[in-house]
Amino acid sequence: MKISIDIHVNGEQYPAEVEPRTTLLEFLRGTLHLTGTKEGCGLGDCGTCIVLLDGKPVNSCLVLAVDANGRRVTTIEGLAEDGKLHPVQQSFIDNGAVQCGFCTPAMILTTKALLDKNPDPAEGEIKQALGGILCRCGSYQKILNSVQAVGKGERK
Amino acid sequence: MIRLKAFSYFEPASLKEASEILTQHKGEAYPLAGGTDLLVRMKREAIRPAALVNLKRIRELNGIQSEKDGGMRIGALTTIADIENSTVVHTSHPVLAQAAGVLGAQPLRNLATIGGNIGRASPASDMAPSLMVLQARVATEGASGPGEREIDKVFAGPGSTTLSDGEIMTAFYFPAMAPATGAAYLKMGRRSGGGDCALVGVAALLTLGSGEARAVRIAMSSVGPTPRRANKAEAVILSGTITEERMRDAARVAAEEAAPITDMRCSASYRKEIIKVLTFRALQEANQKAQGGQAT
Ligand SMILES: Cc1cc2nc3c(=O)[nH]c(=O)nc-3n(C[C@H](O)[C@H](O)[C@H](O)COP(=O)(O)OP(=O)(O)OC[C@H]3O[C@@H](n4cnc5c(N)ncnc54)[C@H](O)[C@@H]3O)c2cc1C
Ligand code: FES
Ligand code: FES
């Protein structure tokens with residue numbers, strides 16, 4: 001059984017036929033070849049598969065593609081505009097927050113969602129927001145610094 | 001990559017239709033809400049549903065509304081994040097927002113629903129204890145029409161509810177909190193800042209009147225096969241004026257009446273210690289909030 005869906009990803013419509021068992025993560029990576037979204041555990045524990053669904057961070061390994069039908073998805077590939085990195089991406093580079101980079105897309109997207117709601121979050125709020133994402137390289141302090149740097153008006 | 005096994009998929013637009021599909025499948029089909037529990041169990045092959053019935057296109061399952069009598073209705077498909085951030089919840093039944101705020105991590109809370117949390121009937125549910133101390137009522141719709149039951153009558157055992165095949169939870173009703181009432185939910189997990197299931201969770205609610213408890217309810221999770229009330233501890237609180245000593249006694253009794261297990265997260269004896277500590281602190285917090293005069 002295949003089902004027709006039409007998902008809006010990074011500003012473009014993607015009509016497709018999917019099996020119901022296809023997760024949003026599999027759809028993004030396997031069908032659209034947007035491999036910036038990572039799969040760690042596949043079970044909701046690690047947070048590396050986070051994308052924005054209608055602007056909110058969610059674990060894409062726990063969402064069925066059919067369930068994202070008609071909704072708006074933002075992945076890490078959708079943040080740069082006209083070849084210019086998003087301020088959060090730039091801040092992660094400037095502050096050395098990236099080691100292997102596996103957690104980075106999720107960290108950056110979750111930070112973007114947080115700052116869109118609250119441009120200058122307190123340290124506790126940042127930790128709450130990013131608490132669901134594991135960084136196996138242990139870059140947490142530099143990630144926190146990067147988020148705070150964007151919060152402190154270094155954002156456009 | 002963990003792949004889900006194939007299943008058929010339905011997206012009914014009405015409750016009646018959803019209930020019919022579920023009934024036809026005789027236990028082989030599951031309602032799909034946030035999917036944060038269901039998809040994990042399917043990936044782990046703990047269950048293998050023939051069909052999933054997505055509830056999300058059914059309008060009436062959404063939303064948080066205050067009722068004329070000071071009570072509140074929360075649709076079963078409301079997300080944990082929406083409960084955590086709702087001004088209605090913060091104003092009328094803030095303990096629910098406190099519990100929602102410690103369930104998993106934020107991205108998970110954007111998916112997870114209250115109906116799914118109760119539908120899972122996990123012994124470690126973070127929402128169940130608060131629903132129990134608030135005496136929530138659960139509205140359902142099924143093959144035999146609409147129904148309603150108390151939250152205490154929903155859990156049958158670990159992972160199992162008293163709902164029949166095709167019976168769907170539609171909403172939770174919370175009676176108004178009495179004046180001079182305070183309530184708190186405290187959870188101990190392995191990770192602070194979210195992500196992990198409770199080692200122990202305790203909700204306490206106190207209504208005060210001239211230094212004594214007019215009403216008290218204590219409910220615990222991760223302490224036995226289902227979330228449960230601590231009736232004996234409640235009796236201790238009702239036996240006289242509220243003092244720190246009486247709250248400590250009640251906490252000790254709560255730990256005695258609980259029957260926690262040893263698992264990969266921690267030992268039963270450690271859980272008993274946490275029950276004691278959390279019950280005392282939850283009672284203290286509820287007491288302080290009750291003295292604040294408002295239902296906070
Ligand atoms: C990483 C991780 C961390 C977690 N941490 C916590 C935690 O800290 N605390 C906690 O309590 N839980 C936790 N959970 C468990 C789970 O996320 C929650 O219980 C959540 O609230 C389930 O809601 P859902 O909408 O995703 O349910 P679903 O997965 O959609 O459904 C769960 C069950 O309920 C049934 N169901 C759903 N809606 C209804 C309805 N309206 N009527 C009848 N049956 C229904 C489904 O058929 C299924 O059997 C965690 C899960 C993960 C993956
Ligand atoms: S891959 Fe989705 S949370 Fe780990
Ligand atoms: S930078 Fe390697 S996992 Fe975070």
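Me: What counts as a salt bridge here, and which residue forms one with Asp263(B)?
Reply: A salt bridge is a side-chain nitrogen of Lys or Arg within 4 Å of a carboxyl oxygen of Asp or Glu. In this predicted model, the closest N and O atoms of the pair in question are 3.2 Å apart. The partner of Asp263(B) is Arg271(B).

Me: Is Arg271(B) buried or exposed?
Reply: Buried means under 20% relative accessible area. Asp263(B), at 29%, counts as partly exposed. Arg271(B) has 3% relative accessibility, so Arg271(B) counts as buried.

Me: How many salt bridges are there over all chains?
Reply: The rule for a salt bridge is the 4 Å cut-off between nitrogen and oxygen. Among the residues involved, Asp37(B), Arg41(B) and Arg120(B) are linked in a network. Over all chains, the count comes to 26.

Me: Which residue of chain A meets Arg3(B) in a salt bridge?
Reply: Arg3(B) lies in the segment before β1 of chain B and its partner in helix α1 (residues 24–31) of chain A, so the pair joins two chains. The N to O distance is 2.6 Å, and the partner is Glu26(A).

Me: How many residues apart in sequence are the parts tied together by Glu84(B) and Arg109(B)?
Reply: The side chains of Glu84(B) and Arg109(B) meet in a salt bridge of 3.0 Å, N to O. Glu84(B) is buried at 17% relative accessibility, and Arg109(B) is buried at 1%. Glu84(B) lies in helix α3 (residues 80–85) of chain B and Arg109(B) in helix α6 (residues 106–109) of chain B, so the parts they tie together are apart in sequence by 25 residues.

Me: Within what arc do the buried residues of α1(B) fall?
Reply: In helix α1 (residues 15–24) of chain B, the buried residues are Leu15(B), Ala18(B), Ser19(B), Ile21(B) and Leu22(B). They line one face of the helix because, seen down the axis of α1(B), they fall within a limited arc, 160°. On the other side of α1(B), Lys16(B) and Gln24(B) are exposed. The arc asked for is 160°.

Me: Which residue in β10(B) stands opposite Val138(B)?
Reply: Six of the seven residues of β10(B) are buried, so this strand is largely enclosed by the rest of the structure. β10(B) runs antiparallel to β6(B), with five bridges joining them, and it pairs with β5(B) over four bridges, also in the antiparallel sense. The residue opposite Val138(B) is Phe172(B).

Me: Which residues touch Leu131(B), leaving aside its neighbours within four places in sequence?
Reply: Contact means heavy atoms within 4.5 Å. With the sequence neighbours left aside, the contacts of Leu131(B) are Leu96(B), Ile114(B), Ile118(B), Ala136(B), Ile151(B), Phe172(B) and Phe174(B).

Conventions. Residues numbered from 1 in each chain as written. Chains lettered and ligands numbered in written order. Predicted model: local features only at pLDDT ≥ 70, side-chain atom pairs only at ≥ 80, totals over all residues. Heavy atoms only, no water. Buried < 20%, exposed > 50% of the residue type's maximum accessible area, 1.4 Å probe, protein only. Arc of directions from axis to C-beta. Pairing = 2+ DSSP bridges.
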